Amino acid sequence: YGAPGVEFMGLHEENNTVMQIHFIPDQCQLVTLLDDNSLHLWSLKQHSGASELREEHRFTLKGPPGSPPSATQITAVLPHSSREVLYLGTESGNIFVVELPAFTVLEDRTITSEAVLQRVPEDYCNRRSCELVEALREHPKNPDQILIGYSRGLIVLWDLQNNKVTHHFLGSQQLENLYWQRDGSKFISCHYDGSYTQWPVSSDNRQPEPLENLVPYGQKLVSVNLGWSFLSASMNLVSAEFDDPSAMVVLAEEELVVIDLKTAGWPAVHPPYLASLHCSAITCSHHVSNIPLKLLSSSFQVLVMELNDEDAEHVVDHAEADLLQDQEGYRWKGHEKLKTRDGAVRFEAGFQPFVLVQCQPPAVVTSLALHSEWKLVAFGTSHGFGLFDHQQKRLVFVKCTLHPSDQLALEGPLSRVKSLKKSLRQSFRRIRRSRVSTRKRRGGSGNASEVQEANAKFDQDALQEMELAPVQRKIEARSAEDSFTGFVRTLYFADTFLRDSSRHCPSLWAGTNGGTVYAFCLRVPPAERRMDEPVRAEQAKEIQLMHRAPVVGILVLDGRSTPLPEPLEVAHDLSKSPDMQGSHQLLVVSEEQFKVFTLPKVSSKLKLKLTALEGCRVRKVTVANFGSCKTDDYSENDLAVLTNLGDIQIISLPFLKLQIRYPCIRKEDVSGIASCVFTKYGQGFYLISPSEFERFSLSTKWLVEPRCIVD
């Protein structure tokens, strides 16, 4: 990484942690070491007008037959300045030499721990073994000498030409690292207890004594709060033959810190991003397009908030939404609701919360929708959904979506663990029902012995078939008794034709885990009476999908088959006004199929059975606008769909035709698939670690791949 927009990335085929990275001097090449003990050689090469980081070779160091894994477990890597070989220190204390670029092991040049100990005093050898190689450093003036540091404190200077130890240094502390002074007359050893020692290297072979044993920077100590982390930095002492450092870069476990050594007090340099890269795992994300510049000038927080240019102190109003509506037979077994703070609270300038809505029971909020023009916010949990008027600070309505069998939804956050056995039983039942129905379609169920044999075979391979289910099963009707059917997956506001074809009105739509869609007509008073009259809601429609798959998306298309614009976009000239003359259509997306209904009758028009045809299930869906890369006069709206297999499919609107399919995320990367979020213009993000996003683009107009060249 360099300046903004300068980036080269390589992705290992192996799903292993990168432990070390080392540049090959002057070669535009680097070597990576993974936690599976494999080495990989990467090169920057030009291709199609840009430089790409490509993997050239891979290699795993192997020991003699019968040797333990520690014999070849790599702990230190030294690329030699000759650019021809790598020196590999191991847990056994041996140092292997491999030739580049083919990673050929040069066995006759191996530096064994036995050869090293021949020149070390016998009493020291009896007290301490070499143990693992902690550090390897080439002599800055003589490439035929390397410094070898072992974990228990022994350090030797090895002559590569004569294959012998020329100097040995007997340390008493556990070694962490080694650094040469640039003229080669001294080096510094860093130790586990935070101290470091300066060692002279004499031209005669006298046994050297340490010059001094110091705490870093000796007379000056600055405390930097870095959490639990390990630090590694090259210490630059103030003298003529050393650099005059201006900053120190510290790689901690959770962040990258740069300390200004030129300014009094050694303050940390502010990074060019809003928060530490790894300060906390990202758990939820949402992309917002067309942000006004005034809004951008205020890392954003999420709650029901308003924008204030000045600090303020006020009471946060509180409202409660009882989603169970005092229904009999339901009892919440989870935690109690959080207690609210009494009195005024002071907030800094920016977004300031002004109202808090607490759901009862206090379960996880599973979906949210905000309509900033109508001043309404909708919220959903595993028990139901509700509508809140944040201008009047009043609850409009709540709707309980629990099925009588949804007792698990009342057992709190641990209910998913408790329901594992039930989920397995239900999966087994579905597989068994599928087999029975298949036999019936083929004609006849067979005699008793055939049934017993089939059941026995079922018990043997049922679990294996469950693993294959996402790419084999066809759409089947799910039982209403499946757990969490009332779980609200999606909420959607739309101004459309819900009662009749002559009048449109505001509406709220909700989709559940059990394949149910609820539609409510809303009456929002005009602006001049907005504070005087209440918002009213009345249920107008209820749709039950036959296959009862979870509803993951709801969308209304206008008379031009264009998705309705977001709130306030038309008022700010960010979008065209919707066509309210022609008939509207409703698109309901479940995990297994897409279905288009006419409005206001809500009659089925066409559908696409994704699971039955493609063998996959929908995880995320959005409408994306794809503009032409050649002209600004043409664009089209399509559905961007992420499946459980990690591929992205582009489906046309309103005819639901598959346009193209892209492999994007590995199907084994469950967290990456779950975290994916799309933008309105054909781009997307997903987590490649708990706190790092990968960005991708589906549109030829908006390319996100950096096109950089290294000469």
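**Labels and their grounds**

Analyst: Start with an open sheet of 4 strands, ordered S32-S33-S34-S35 and paired antiparallel. The model is predicted.

User: Why are S32 and S35 said to stand at the edges?

Analyst: Strand S32 (551-557) and strand S35 (603-609) each have a single partner strand, so one side of each lacks a neighbour in the sheet. On average, neighbouring strands of this sheet are turned by 15° against each other, direction ignored.

User: How do you know that S32 and S33 pair?

Analyst: Pairing needs at least two bridges. S32 and strand S33 (residues 585-590) have 6 bridges, in the antiparallel sense. Therefore they count as paired. Ile-554 has Val-588 in S33 as its bridge partner.

User: What makes strand S5 largely enclosed?

Analyst: Of the 6 residues of S5 (residues 74-79), 5 are buried, so the rest of the structure largely encloses this strand.

User: What joins S5 to S6, and in which sense do they run?

Analyst: There are 5 bridges between S5 and strand S6 (residues 85-90), and the two run antiparallel. Pro-79 stands opposite Leu-86 in S6. S5 and S6 form a hairpin with 5 residues between them. In the turn, Arg-83 has a positive phi of about 65°.

User: How many aromatic pairs does a search of the whole structure find?

Analyst: The search finds 13. One of them is Phe-169 with Trp-199, an edge-to-face pair.

User: Why is the pair of Phe-169 and Trp-199 called edge-to-face?

Analyst: Ring centres must lie within 6.5 Å, and planes over 60 degrees apart count as edge-to-face. Here the centres are 5.8 Å apart and the planes make 70°. Phe-169 is in strand S12 (residues 164-170) and Trp-199 in strand S15 (residues 196-200), 30 residues apart.

User: Why do Phe-169 and Trp-199 count as buried?

Analyst: Buried means under 20% relative accessible area. Phe-169 has 0%. Trp-199 has 3%. Therefore both count as buried. Ring pairs also link Phe-169, Trp-180, Phe-187 and Trp-199 into a cluster.

User: What makes Trp-374 and Phe-493 a pair that ties parts together?

Analyst: The pair is edge-to-face, at 6.0 Å centre to centre and 85° between the planes. Trp-374 lies in the loop between strand S24 (367-371) and strand S25 (376-380), and Phe-493 in strand S28 (residues 488-496), so the pair ties together parts 119 residues apart in sequence. Trp-374 is buried at 12%, and Phe-493 is buried at 10%.

Terms used:
Residues numbered from 1 in each chain as written. Predicted model: local features only at pLDDT ≥ 70, side-chain atom pairs only at ≥ 80, totals over all residues. Heavy atoms only, no water. Buried < 20%, exposed > 50% of the residue type's maximum accessible area, 1.4 Å probe, protein only. Phe/Tyr/Trp six-rings, centres within 6.5 Å; stacked < 30°, edge-to-face > 60°. Axes fitted to C-alpha atoms, helices over the stretch in contact; angles between N-to-C directions.
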